[in-house]
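Colleague: Please take a close look at the aromatic pairs in this model. How many aromatic pairs are there, and how are the rings placed?

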Amino acid sequence: CGAPDAPHPLVKIPGGRGTGRDHSLTVLLHKDDRLTVTQAAPVNGTPPVLYFQYQLSETRVSYWEAVLSGGSLFLEIAEGALPEGSKEGLTVLLEFAEEKLKVNYVFLWFYKSRDDRLSITKTFHYLGFEIVKPGHPSVPTRPDILFMVYSLDQSTSDEE
């Protein structure tokens, strides 16, 4: 007993049973002129944590942390204002998720109690994310968290 019905990124999603991360145990997955992707070694069977670093300019960098689980990528929207250039970094992250990781969905999440909840929801809706209805099988039941999803249809990407 105690096994989840569906895989969930236990380390980063609040209420998960992960034990945390050790940044010293990372593996380089990808590096080009602007994007660097590393992966933390999974701990005790927890899903891997990926770190995306996108070089916006010589002095500005966009950072995203994500958990790869069950064919989906899960991103936390950290407290505070979205950094300038984060949309550009997120766009590159979505392209990498589709082309290299071959995930079907990218979920993002943030606490419903945020003062800027409406602004964040509108921003990500504009980028193609949709609000996830409660009870969705791919996300944990957390009434204090809002999940949004971006669908990456892998069946059409090969036809181009």
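Modeller: Phenylalanine 52 is buried, at 3% relative accessible area. Buried means under 20% relative accessible area, exposed over 50%, and partly exposed in between, with a 1.4 Å probe and protein chains only. This is a predicted model, where local features need pLDDT of at least 70, side-chain atom pairs count only at pLDDT 80 or more, and totals for chains, interfaces and linings use all residues. Residues are numbered from 1 along each chain as its sequence is written, and side-chain values use heavy atoms, without hydrogens and water.

Now the pairing rule. Rings of Phe, Tyr and Trp (its six-membered ring) pair if their centres lie within 6.5 Å; planes under 30 degrees apart are stacked, over 60 edge-to-face, and the rest tilted. The count is six aromatic pairs. In one of them, the ring centres of phenylalanine 52 and phenylalanine 96 are 5.9 Å apart and the planes stand at 80°, so this pair is edge-to-face. Phenylalanine 52 sits in strand 3 (residues 49-55) and phenylalanine 96 in helix 1 (residues 86-101), so the pair ties together parts 44 residues apart in sequence. Helices (H or I, at least four residues) and strands (E, at least two) are DSSP runs, numbered from the N terminus. Phenylalanine 96 is buried too, at 6%.

Next, phenylalanine 129 and tyrosine 150. Their ring centres are 5.3 Å apart with planes at 50°, so the pair is tilted. Phenylalanine 129 lies in the loop between helix 2 (117-126) and strand 7 (130-131), tyrosine 150 in strand 8 (residues 145-151), so the pair links parts 21 residues apart in sequence. Phenylalanine 129 is buried at 0%. Tyrosine 150 is partly exposed at 21%.

Finally, one aromatic cluster consists of Phe74, Tyr105 and Phe107.
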